[in-house]
Amino acid sequence: MNDFSHRSQLPEKMDEADVPFREIHQALNELETINRLLGGYHVILNALDQLQWSKKPVTIMDLGCGGGDMLRAIAKWAAKKGRNVNLIGVDRNQVMINFASGKSTSFSNIRFVCADVFDDVLLNENADVVMSSLFCHHFDDPDLIVLMQRMNLLASKAVIVNDIHRHWLAYYLIKFLSWAFSKTYLVKYDAPLSVARSLTRSEWESILLKAKLSGFMLRWMWAWRWQLIIKK
């Protein structure tokens, strides 16, 4: 029985260097399916619906965008809502950027930047909203504090986070599903580990307090997700 009272410190295999690109492509396709089926898109889209929108274009930056599926979901949502958005995906892995770009060619309002999330070049993007989806749990606590401060610095209007709630049921459910249906070792290993690396409510509140961020809204959503919104 795993100990879920503390975050796991084990690294995820997706974060390792020199992962075969075929395995990355397979994992990104499977993660897109997981996001669609387990409500990952809804967490972000619901948060965007809570913001005040004007007729001016809104620039949304997705840090750790991976395969870009969240940005494609936002583009479709914005088109239905009649909202004008410019979407920027940021990832330090060129293989992921190439994959995301290839799957997003039909979206003229999406572009991708290969950069570290702490690179000052991102300050030039003038993002209104800075978001991340299933990205924050990759960071240990000290680095996560810095990441939240960075997201707040980059955003002029709001910060939005979608991430996992560490819970034993979520762990064993995704472990079963990944072993039953995944075709790559990356998802089989990383999916349950992502749950073990994720945060509880009290841990999120502690991180935000140490980052000196206030006025945030944090709520639990299906399936075992935290929705964090910081309006500026």
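A nonpolar core is a set of buried Ala, Val, Leu, Ile, Met, Phe, Trp, Tyr and Cys residues joined through side-chain atoms within 4.5 Å. The views below come from a predicted model.

**View 1. The largest nonpolar core has 32 residues.** Six residues have the most contacts inside this core: Met-61, Leu-63, Leu-144, Leu-147, Met-148 and Trp-204. Two or more core residues come from each of strand 1 (58-63), strand 2 (85-91), helix 5 (141-154), strand 5 (158-164), helix 8 (201-210) and strand 7 (225-231). Helix 5 gives the largest share, 6 residues.

**View 2. Leu-144 and the residues it touches.** Leu-144 is among the residues with the most contacts inside the largest core. Residues up to four places away in sequence are not counted here. Beyond them, Leu-144 touches Arg-7, Cys-136, Phe-139, Leu-199, Trp-204 and Ile-207. Trp-204 is also listed among the residues with the most contacts inside the core.

**View 3. A second, separate core has 28 residues.** Its members include Ala-47, Val-58, Met-70 and Met-131.

**View 4. Asp-190 is a buried acidic residue without a salt bridge.** Asp-190 is found in helix 7, residues 185-197. Why does Asp-190 count as buried? Its relative accessible area is 5%, and buried means under 20%. The nearest side chain of opposite charge is that of Lys-13, 6.7 Å away. A salt bridge needs a side-chain nitrogen of Lys or Arg within 4 Å of a carboxyl oxygen of Asp or Glu.

**View 5. The side chain of Asp-190 reaches the backbone of Lys-13.** Leaving aside neighbours within four places in sequence, Asp-190 is in contact with Glu-12, Lys-13 and Met-14. Asp-190 and Glu-12 lie 178 residues apart in sequence. In space, their C-alpha atoms are 5.5 Å apart.

View 6. The C-alpha trace spans about 50 × 40 × 30 Å along its principal axes. Buried residues make up 53% of the 232 residues. Among contacts between residues at least 6 apart in sequence, 77% join residues at least 24 apart.

Definitions and conventions:
Residues are numbered from 1 along each chain as its sequence is written. This is a predicted model: local features need pLDDT of at least 70, side-chain atom pairs count only at pLDDT 80 or more; totals for chains, interfaces and linings use all residues. Side-chain values use heavy atoms; hydrogens and water are left out. Buried means under 20% relative accessible area, exposed over 50%, partly exposed in between (1.4 Å probe, protein chains only). Helices (H or I, at least four residues) and strands (E, at least two) are DSSP runs, numbered from the N terminus. Contact means heavy atoms within 4.5 Å. Lys and Arg count as positive and Asp and Glu as negative; His and the chain ends are not counted. A polar contact is a pair of N or O atoms within 3.5 Å; within protein, one must be able to donate a hydrogen and the other to accept it, and residues adjacent in sequence count only if both atoms are side-chain atoms.
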